[in-house]
There are 2 protein chains.
Amino acid sequence: MENIGFIAAFLTTVSFVPQAIMVIKTKDTKGISLGMYSLFVAGVFLWVVYGYFIQDMAILIANIITFGFASIVLAYKIKYK
Amino acid sequence: MENIGFIAAFLTTVSFVPQAIMVIKTKDTKGISLGMYSLFVAGVFLWVVYGYFIQDMAILIANIITFGFASIVLAYKIKYK
C-alpha cells in the first residue's frame with residue numbers, strides 16, 4: 001500500500017514539470033488560471049511548512065519540488081499575462 | 001500544526017476550481033500541458049486509492065474533489081487542443 005502512496009506522490013509532483021517547461025518555451029499563459037496558481041503555490045508552501053514541523057520527509061521533499069515548478073508557472077503567468 | 005495541514009489541503013484542493021471554470025468558459029487550453037494533466041489526474045486517482053485503503057478520510061475526500069476538477073481540465077484539453 002505504501003508503494004501506491006509513493007507512486008501517487010511521484011506523479012502529482014512531477015506533473016508540474018511539463019507545464020513549467022511549456023510556459024518557459026512558449027510564454028503562452030493565456031489559458032492558465034492566475035487564481036489556480038496563486039492558491040496552489042500558497043497551499044504547497046503550507047504543505048512544506050507542515051512537513052517540516054511534523055518532520056515528514058516525504059511531504060517535505062515532494063512539496064519543495066512541487067513548489068519550485070508551480071512557482072515557475074505562477075511567475076510566467078504574472079509576467080506574461 | 002494540524003490546522004496548517006488542513007489549510008494546505010484546502011488550498012491545493014480548491015485551486016483547481018478557477019482553472020476548471022476558466023477552461024469551461026473560454027475553451028482556451030492551448031497553454032495548458034496535456035502531459036501535466038495526464039500525470040496529475042493519474043496521480044490523484046492513486047491518492048484516492050491510497051486514501052481508501054489506509055482509510056484516511058482527509059486524503060480520500062480531498063483527492064476525490066481534486067480528481068473531479070482536474071479531470072474537467074484534462075477532458076477540455078483533450079477535446080479542444
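This passage describes the interface between two chains and several residues around it in a predicted model.

The structure is a predicted model, in which local features need pLDDT of at least 70, side-chain atom pairs count only at pLDDT 80 or more, and totals for chains, interfaces and linings use all residues. Residues are numbered from 1 along each chain as its sequence is written, chains are lettered from A and ligands numbered from 1 in the order in which they are written, and side-chain values use heavy atoms, with hydrogens and water left out.

The size of an interface is often given as the accessible area lost when the parts come together. Between chain A and chain B, about 3,000 Å² is buried, and carbon and sulfur atoms give 77% of this area. Buried area here is the accessible area (1.4 Å probe) that two parts lose on being put together, summed over both. In terms of contact (heavy atoms within 4.5 Å), 33 residues of chain A meet 33 residues of chain B. Eight residue pairs, both at pLDDT 80 or more, are in polar contact between chain A and chain B. A polar contact is a pair of N or O atoms within 3.5 Å; within protein, one must be able to donate a hydrogen and the other to accept it, and residues adjacent in sequence count only if both atoms are side-chain atoms. On the side of chain A that touches chain B, α1, α2 and α3 of chain A each supply at least two residues. The most is given by α3(A), with 13 residues. Helices are DSSP runs (H or I, at least four residues), as are strands (E, at least two), and both are numbered from the N terminus.

Two salt bridges are counted between chain A and chain B, a salt bridge being a side-chain nitrogen of Lys or Arg within 4 Å of a carboxyl oxygen of Asp or Glu. A search of the whole structure over all chains also finds two. One of these pairs B:Lys30 with A:Asp28 at 3.2 Å, N to O. B:Lys30 is exposed at 60% relative accessible area, whereas A:Asp28 is buried at 17%. The terms are set by relative accessible area: buried means under 20%, exposed over 50%, and partly exposed in between (1.4 Å probe, protein chains only). A salt bridge also links B:Asp28 and A:Lys30, with the closest N and O atoms 3.2 Å apart. Because B:Asp28 lies in the loop between α2 and α3 of chain B and A:Lys30 in the loop between α2 and α3 of chain A, this pair joins two chains. B:Asp28 is buried at 18% relative accessible area, and A:Lys30 is exposed at 60%.

A:Thr12, in helix α1 of chain A, is buried, with a relative accessible area of 12%. The side chain of A:Thr12 reaches the backbone oxygen of A:Ala8 at 2.9 Å and makes a polar contact of 3.2 Å with the side chain of B:Trp47. Apart from neighbours within four places in sequence, A:Thr12 is in contact with B:Phe40, B:Gly43, B:Val44 and B:Trp47.
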